[in-house]
Amino acid sequence: MEDTIVALSSAHGRSAIAVIRLSGRDSLSLLRGAFDSDIEPRKAAYGKLDVERVKDDIVALYFKAPKSFTGEDVVEIYCHGSAVITQAVIRYFIEKGARLANKGEFTRRAFENGKITLSESEGIIDLIDSASESGARAAYNLASGALSKELEDVKKSLIEISASVNVEIDYPEEDVGASSDKENLAFVEKAIAKVEKLEASYDSGKKIASGVNVVLGGVPNAGKSTLLNALVGFERAIVTDEAGTTRDTVEASYVYKDVLFNVTDTAGVRDGELSKAESLGIERSLYALQRADVAVLLDDFDCDCEHKIFIHAKADLGRKKDVLNVSAEKGEGIEELKERIYEESSVVVGDEVMLTNLRQYEAIRTVKESLIRTKEAMTANEPAEAVAFELFGALAALSEMDGVTATREVVDAIFSRFCVGK
């Protein structure tokens, strides 16, 4: 990559310190053109930065390729966090030959230069977006390469098995021996167990990364909006005595036991003569309930949902049997309801590596299915070519998982989630 890129890597707005990053072969020379101190790799240098429009006392760090995040020469400038200063510094470097970085381009260069895998890149954006401590831990596991390491162990075993099988194909006169077949089968069974465990982690991993989807359902004026406000702890939804106040879905979030819960208040569902706006609101309510991880249903309302909790939200006006009684108005029973939602969500919080998105999940499923067919081919004593074919499918899926064979469209979609400067 010939271009040297520059961007603000810290948040926009007024702050004590801002971070400006350059990456590319001209990074150091661009810094030296405006900096009055000597700088060595991996040593902080303090001095004056003069970019013609403004001057500032800064700290600069230089990371010499390939020992940097992107694998290229990288410079980081720590200056005062005034928008006037940061914009002047960035404008100066652009005028001297750098260009403004695209969204996620620093991380993308790290991926394309072999410094990180695609799943590690996904971990970085998950870490930036994390809204709970459990989400941050799961993201860090990905970003630090825990998933890549697990899959690398599987890949090494499969490459060894594939080499053994190909010897049998290329040199049929050689007697590899039954002991080798048993060892290969044991390796495949161990690999299947590992990927099945990863596959099973997706249910919790996606909820930890993105939040548990909780939907409130019921008839008009059942107390859904008041309940939403009580769960999230502030007045998010409009509450009146008039039935049908909520015509569209309203969303807000809370964190409970280290897990993010995204709560959706819905329009009341009823039959009869309806306005077009109310009909559309009810359609959205039913659609939201179908997609819920947990449905909280008020006052005899029901839906075809797998995980649901029946409650009465106006217990201060009278209690009901066989449901959880909550007074959303007075905040009574809210903690018990949160515990019930947590239990119904089936989230498993831990420090083990988890799959957190659909791309990872589908790749792991493909690996598992190929390995199961490999095992079946081995146990049925099918020709070595059949075993080799299935092994190739598993290895191809693992390569796609790491991004080695991922399509440009997939890579573009992942890095489009990043902000400029990361």
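I began with Lys149, which forms a salt bridge with Asp153, the closest N and O atoms being 3.9 Å apart; I take a salt bridge as a side-chain nitrogen of Lys or Arg within 4 Å of a carboxyl oxygen of Asp or Glu. I note that this is a predicted model, in which local features need pLDDT of at least 70 and side-chain atom pairs count only at pLDDT 80 or more, while totals for chains, interfaces and linings use all residues. Residues are numbered from 1 along each chain as its sequence is written, and side-chain values use heavy atoms, with hydrogens and water left out.

Both Lys149 and Asp153 lie in helix α6 (residues 146-170), four residues apart, about one turn of the helix. For elements I use DSSP runs numbered from the N terminus, helices being H or I of at least four residues and strands being E of at least two. I looked up the cover of the pair: Lys149 is exposed, with a relative accessible area of 57%, whereas Asp153 is partly exposed at 32%. Here buried means under 20% relative accessible area, exposed means over 50%, and partly exposed lies in between (1.4 Å probe, protein chains only).

By the salt-bridge rule I have a count of 29. Another that I looked up is Arg109 with Glu105, where the closest N and O atoms are 3.4 Å apart. Being four residues apart in helix α3 (residues 105-112), Arg109 and Glu105 are separated by about one helical turn. Arg109 counts as buried at 3% relative accessibility, and Glu105 counts as buried at 10%.

I then turned to Lys375 and Glu189, whose side chains meet in a salt bridge (3.6 Å, N to O). This pair links distant parts of the chain, with Lys375 in helix α12 (residues 358-379) and Glu189 in helix α7 (residues 178-200), 186 residues apart. Lys375 is partly exposed, with a relative accessible area of 31%, and Glu189 counts as partly exposed at 35%. I also recorded that salt bridges with shared partners join Asp3, Glu72, Arg99, Glu105 and Arg109 into one network.

**Sheet**

In what order do the six strands of the open sheet stand? I read the order as β8-β9-β7-β10-β11-β12, with mixed pairing; two strands pair if DSSP finds at least two bridges between them. The edge strands are β8 (250-256) and β12 (324-325), each of which pairs on one side only.

I followed strand β7 (residues 212-217) on both sides. Toward strand β9 (residues 259-265) there are five bridges and the two strands run parallel, with Asn213 standing opposite Asn262 in β9. Toward strand β10 (residues 294-298) there are four bridges, again with the strands running parallel, and Val215 stands opposite Ala295 in β10.

Is β7 buried or exposed? Six of the six residues of this strand are buried, so β7 is largely enclosed by the rest of the structure.

Strand β11 (residues 308-312) pairs with β12 in the parallel sense over two bridges, and in β12 the bridge partner of Ile311 is Leu324. Phe310 is found in strand β11 and is partly exposed, with a relative accessible area of 31%. I checked Phe310 against Phe106: their C-alpha atoms are separated by 49 Å, and the two are 204 residues apart along the chain.

**Backbone sites**

The peptide bond from Ala65 to Pro66 is cis, with omega near 0 degrees, and I place Pro66 in the loop between β4 (55-63) and β5 (74-81).

Arg42 has a positive phi of about 65 degrees although it is not a glycine. Arg42 lies in the loop between α1 (27-32) and β3 (45-50) and is exposed, with a relative accessible area of 53%.

Asn221 likewise has a positive phi of about 65 degrees although it is not a glycine. I found Asn221 in the loop between β7 and α9 (224-232), where Asn221 is partly exposed, with a relative accessible area of 38%.
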